[in-house]
Amino acid sequence: MNMGDEIEAPSILKLPDNLDLNAVSAMHAQLVELKGHNVEIDAADVRKSGAQCVQVLLAAKKTWDADGKSLLIGTMSEAFENTLKLLGISGEVLPTKDTA
């Protein structure tokens, strides 16, 4: 295997337990810093999540796809998973490690 063939390990973005409107700016700033890298979202501690944060993740997914990088959900709490289901977000739209 050549050095250029190595797969980049994903950077981990750990989401806070409360993904409300106040968390959107901080999460967006963290994503901007990770742009150009493969990213795995750790949503294991999320207890409350709003649609605005999910919209930011969906926009980030489109950006990562355009850049040829991966962005997926690694682990998620039941609350975060339920929010995605309520919003109609499937693993095809916002992939998890299991659906990627």
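Which residues does Ser49 touch, not counting residues up to four places away in sequence?

Reply: This is a predicted model, in which local features need pLDDT of at least 70, side-chain atom pairs count only at pLDDT 80 or more, and totals for chains, interfaces and linings use all residues. Residues are numbered from 1 along each chain as its sequence is written, and side-chain values use heavy atoms, with hydrogens and water left out.

Ser49 touches Leu19, Ala79, Phe80 and Thr83 when residues up to four places away in sequence are not counted; contact means heavy atoms within 4.5 Å. With Thr83 there is also a polar contact, side chain to side chain, at 2.8 Å. A polar contact is a pair of N or O atoms within 3.5 Å; within protein, one must be able to donate a hydrogen and the other to accept it, and residues adjacent in sequence count only if both atoms are side-chain atoms. Ser49 lies in strand β4, residues 48-49 (strands are DSSP runs of E, at least two residues, numbered from the N terminus). Ser49 has a relative accessible area of 16%, so it is buried (under 20%, with a 1.4 Å probe and protein chains only).

Asp42, in strand β3 (residues 39-43), is also worth a look. Asp42 is buried, with a relative accessible area of 16%. Beyond its neighbours within four places in sequence, Asp42 is in contact with Ile12, Leu13, Lys14, Leu15 and Thr75. The side chains of Asp42 and Thr75 make a polar contact at 3.0 Å, and the Asp42 side chain reaches the backbone nitrogen of Ala44 at 3.0 Å. Leu19, which Ser49 touches, is 23 residues from Asp42 in sequence and 13 Å from it in space, C-alpha to C-alpha.

Definitions and conventions: Helix = DSSP H or I, 4+ residues; strand = E, 2+ residues; numbered from the N terminus. Buried < 20%, exposed > 50% of the residue type's maximum accessible area, 1.4 Å probe, protein only.
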